[in-house]
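Thanks for coming, everyone. Let me put the structure up, and then I'll walk you through it.

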Amino acid sequence: MKIRWTVACILAVAMALPFFPACSGKKDDHAQSSTDAAGVCDAETVPAHLDLKLRDMNGAEVNLADFKGRPLLLNFWATWCPPCLEEIPYFIDLANRYKQDGLVILGISTDDTADQVRPFANDLKMNYPVLIGLDEPDVERAFGAMWAIPVTIFVKKDGNICKTHRGTQTKEFFEQHVKALL
């Protein structure tokens with residue numbers, strides 16, 4: 001009986017994966033080729049809810065409102081998520097190249113404790129703040145439920161969300177959207 005239920009569960013998950021590109025690692029092939037905000041950002045923008053305070057992986061409080069007026073990339077991820085791990089080197093590179101332009105990248109771990117994140121982030125040499133979103137209901141209120149990760153939110157200098165992207169993407173996609181924020 002247990003074997004039948006196990007097989008049924010595995011088949012159900014396998015059949016559902018194509019409908020969740022973030023879980024399957026599929027990339028969205030519909031990226032715009034224009035680098036201006038009008039061609040990259042969604043037509044209707046909404047304000048980002050940056051009135052949120054989280055702790056970073058070292059325990060320091062970070063107020064997202066402090067980043068208003070700067071281009072902001074929020075990446076929701078977890079240490080166990082292969083598509084998330086694929087994107088981290090892209091963000092490290094973007095943080096290096098666009099820091100002088102004011103770009104702020106914040107990695108928000110959705111499912112891990114600070115003790116789990118800290119050695120992981122240090123090993124990967126993550127050069128941007130890593131915040132802990134685990135057990136923080138304000139994250140869901142501000143940005144919605146993260147049913148599948150990674151999720152990346154691009155916020156323009158005016159505080160409006162340019163685009164919310166669910167699933168993994170190419171380095172070129174992220175760079176194109178970062179340039180639209182600058």
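**Loops, helices, core and pocket**

I'll start with D135, which counts as exposed at 67% relative accessibility. Exposed means over 50% relative accessible area, buried means under 20%, and partly exposed is in between, with a 1.4 Å probe and protein chains only.

Before going on, the ground rules. This is a predicted model, where local features need pLDDT of at least 70, side-chain atom pairs count only at pLDDT 80 or more, and totals for chains, interfaces and linings use all residues. Residues are numbered from 1 along each chain as its sequence is written, and side-chain values use heavy atoms, with hydrogens and water left out.

Back to D135. Its place is the loop between β5 and α6. Helices here are DSSP runs of H or I with at least four residues, strands are runs of E with at least two, and both are numbered from the N terminus.

K125 also has a positive phi, about 60°, and is not a glycine. K125 sits in the loop between α5 (114–124) and β5 (130–132). Buried or exposed, K125? K125 counts as exposed, at 61% relative accessibility.

One more backbone point. I149 and P150 are joined by a cis peptide bond, with omega about 5°. P150 lies in the loop between α6 and β6 (151–155).

Now the overall layout. The chain has seven helices and seven strands. From the N terminus on, the order is α-α-α-β-β-β-α-β-α-β-α-β-β-α. Of the 182 residues, 44% are buried. A contact means heavy atoms within 4.5 Å. Take the contacts between residues at least 6 apart in sequence: 71% of them join residues at least 24 apart.

Next, helix α4. This helix has 17 residues and reaches 25 Å from its first C-alpha to its last, close to the 24 Å expected at 1.5 Å a residue. That expected span is 1.5 Å times one less than the number of residues. Where is the kink in α4? The kink lies at I88, shortly before the proline P89, and comes to about 25°. The bend at a residue is the angle between axes fitted to the seven residues ending there and the seven starting there.

Several α4 residues are buried, among them I88, Y90, F91, I92 and L94. P83 is in helix α4 too, and is buried with a relative accessible area of 8%. P83 and I149 are 66 residues apart in sequence, yet 8.0 Å apart in space, C-alpha to C-alpha. That I149 is the residue with the cis bond to P150.

E86 lies in α4, residues 82–98. E86 is partly exposed, with a relative accessible area of 31%.

On to the core. The largest nonpolar core has 51 residues, and those with the most contacts inside it are L74, F76 and F143. α4 gives the most to this core, with eight residues. A nonpolar core is a set of buried Ala, Val, Leu, Ile, Met, Phe, Trp, Tyr and Cys residues joined through side-chain atoms within 4.5 Å. In soluble globular proteins, nonpolar side chains tend to be buried together. Which residues does L74 touch, leaving aside neighbours within four places in sequence? The contacts are L64, L106, I108, F143, V151, T152, I153 and V155.

The largest pocket holds about 340 Å³ of space. It is lined by 22 residues, and the closest to its centre are T110, D111, E140, A145 and M146. α6 supplies the largest share of that lining, three residues. For the method: on a 1 Å grid over the protein atoms alone, a pocket is an open set of points where a 1.4 Å probe fits, with protein on both sides within 12 Å along at least five of seven lines, and lining residues have an atom within 4 Å of a point. Points are joined across faces, edges and corners, and the volume is the space filled by probe spheres set on them.

Helix α7 (residues 171–181) is mostly covered, with eight of its 11 residues buried. L182 lies in the segment after α7 and counts as partly exposed, at 33% relative accessibility. Leaving aside neighbours within four places in sequence, L182 is in contact with P71, Y98, D101, L103 and K157. L182 and P71 are 111 residues apart along the chain, with their C-alpha atoms separated by 6.2 Å.
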